[in-house]
Amino acid sequence: MTNLARTVKVDLVSPGDAHQIMGRLVRFAAENLDVDRCTLTSLDQNVLRVEASYERGGEPDFVGHEYEMTWLERQPLLLEAVTTGAIVTGGGFDNATDPALRPALLDVRHTAIVPLSIGETVGAVLILSRKTDRPFAAIELEGLQQLGLLAVLALRNARLVDDLRTSQHRGLDSLTLMSRHVASSMEPAAFFEKMSETVAGLAQAGHAAFWQLAGDELVAMHQPADAGALTRDMRLAAPPPGSTEGLSRVIYSGQALRISKPEADDDPHLEAVLMSMHATDVLAVPWRTAAVPLGILTAWDSASGFTDQDEWIMRLAARASALVWQGYEAEHRAADLQAAELDRLEAHATRMAELERQKTEFLQLASHELRAPMTLVSGYLSMLEEGSLGVLPEQAARVVPLMTARMRHMGQLVDRMLTTSRMELRAGNLDIRDVDLDALARTVSDSAASTVLGAHRTLAVHSPGHLHVRADPEQLETILGNLVSNAVKYSPDGGEIRIDIREEAGWAVVDVIDHGLGIADEDLPKLFQPFGRLQSAVSAGIEGTGLGLHLSRSLAVANGGTIEVTSRRGEGSTFTLRLPIRGARQAGSVHA
Amino acid sequence: MLDASGEIRLLLVDDDADVAEMYELQLSAHGYQVSIARTGAEAIDMARSAAPHLIYLDLGLPGMHGFEVLAHLRSEPDTRDIPVVILTNFSEPELIERSRALGARDYLVKAHTPPAALAAATRNRLLAPKAS
């Protein structure tokens, strides 16, 4: 035996050359035992396969040939050796069954069958035959059984290595296919359909599907292609958590469930699952995130029974799909939140715009309606004053100018309200041009000098003479006019008013400075509010509408700028208008 | 422009009867022959029949807007050449621009136009009528 083993040089480790070993073994045995034929035939569940053969004076024959197990039953010697596991010797074979075998089996007079057992199962047999009349002696065959066993182990080893290699390839293929789906950013429905198709292909199953847990039901995520009777109802009953039913353990305990017809016969729950899926067998694995059960992934109607490897592939697919699902969910939630926030903002903006429009319309209409009675009253007052309606008694003639003055003020108030509402309506629709601030300040200054300034005040413009901004000229004129008119009003006792223009870090800055009454600290917050008339102004008898500064600030903001104020009671105020000078043409010359 | 009698006829179109009457009072005192129309349709009829020398036209009229009246007057040979001055309490720049485009000679805001000012404007535009 030792010699035999050494001579044959059995290699149990290297994959791939098991057949070479077995070939050498049968040749060695045939030559040493002086036999005419020797074959090594493996047995598994379904077939007998010739793994190696020796033919005296000929080439190895029949290698790779397979025979159904039923063939065994017609060969009593072979059957006995396989069932008992003991060496059997005898006469010839029945050579009537296979015409191809007939020449090989012809004239065989003695046969020896050496069963090679791994554990309790006979995994292969060595079949030796002699055409000469020389029966096999037990001693000849002893060592052969152990040597043959080594060869069979080598074969099994080689097969395991092959299986492993196939598994590796399959695993890699699975990963590649799955990651392709995962990376494809498909719509959820398309993703789960593709993933299921892939799983069905990899597990060699008729169908595969993801089932989402919804209350006490599992609802199919998609319609598997050609799902047969299942298309009628894509729902399965989902047993509650803690139930002993197989599906409950899949959903909630992370176990896999493999059911085939014979197993299901004894278990009504499993049978129900098979029945409801109209399947011959089912492999179900959990589909869940780390924390939350989502449902199950199933494959059914396998080609040749589900294996551990199929389970591994399906778990992998379910895990990847859970991650994808989480991604969809997160995206969905984010999109929902974003949409809700956008809706809210839009509704708010619409509401504000509508309120603004209503306010403006109301102001316009109100102003217009106010003008009608004023026209009549002022008109008749002027006629009374001019004497067109006859001579007035002395006392009446004295009050008419008072009424005229008040009506004029009211007229101004209405005009200002109209201007304000018109400007506010226009604020979103600017007529942007290049504005020369120096020229603008001088226009405003000239206009004030001829109207409101009065002899006891002076108005000076200090300007570098070359500052330009991009803005709506009409609106800028309104702003600056308001600021100057404000400064005039707050300087009842006269004094100097100044418009200072300068550049400061990308901004054009216009200061309107007066040395008048100033504004009390408590009045400052009201300054820019509509109708925000100041207590100090009212008590000082300063006329105003309470709209000028509100309008000025709105217009400044609409033109990309700001208005701020610094003031001291009794010392005067400085209103500062800032406008961006970005994009404006700057003149090189200095104003004379 | 004036006919033989030296009479100057004005047509005042305003739905506010009080205001119309006030202006009429002043203009009549200055010797103008003033007719008053309350609606656009009336204004067109009277412009055809009375052949006024000048029309003061309000914009916010019931039924037919002042601009429609103006366009209508401009489209008819009989009234095409009668000068029209808008006299209204609306003062939006868009309206002023539009009325110019439609051929109005001037645009007066009632609240800023006391009766004496209207009489002066009329005198400047036409001639003073012969003293009656």
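In the predicted model, 60% of the contacts in chain A between residues at least 6 apart in sequence join residues that are at least 24 apart. Chain A comprises 592 residues, of which buried residues make up 33%, and its secondary structure consists of 16 helices and 19 strands.

One residue of chain A, Ala556(A), was examined in its local setting. Ala556(A) lies in helix α16 of chain A, which spans residues 548–558. Because 22 C-beta neighbours fall inside 10 Å of Ala556(A), where 20 or more are required, this residue counts as buried. When residues up to four places away in sequence are left aside, the residues that Ala556(A) touches are Ile479(A), Gly561(A), Thr562(A), Ile563(A) and Leu577(A).

Contacts between the two chains were considered next. At this interface, 16 residues of chain A are in contact with 15 residues of chain B. On the side of chain B that touches chain A, helices α1 (17–29) and α5 (115–125) each contribute at least two residues, and the largest share, amounting to five residues, is supplied by α1(B). By residue class, this side of chain B is made up of eight nonpolar, three polar and four charged residues.

Technical notes: Residues are numbered from 1 along each chain as its sequence is written. Chains are lettered from A and ligands numbered from 1 in the order in which they are written. This is a predicted model: local features need pLDDT of at least 70, side-chain atom pairs count only at pLDDT 80 or more; totals for chains, interfaces and linings use all residues. Helices (H or I, at least four residues) and strands (E, at least two) are DSSP runs, numbered from the N terminus. A residue is buried if 20 or more other C-beta atoms lie within 10 Å of its own, exposed if 12 or fewer, and partly exposed in between; C-beta atoms are placed from the backbone. Two residues are in contact if their C-beta atoms, placed from the backbone, lie within 7 Å. Ala, Val, Leu, Ile, Met, Phe, Trp, Tyr, Cys and Pro count as nonpolar, Asp, Glu, Lys and Arg as charged, and the others, Gly among them, as polar.
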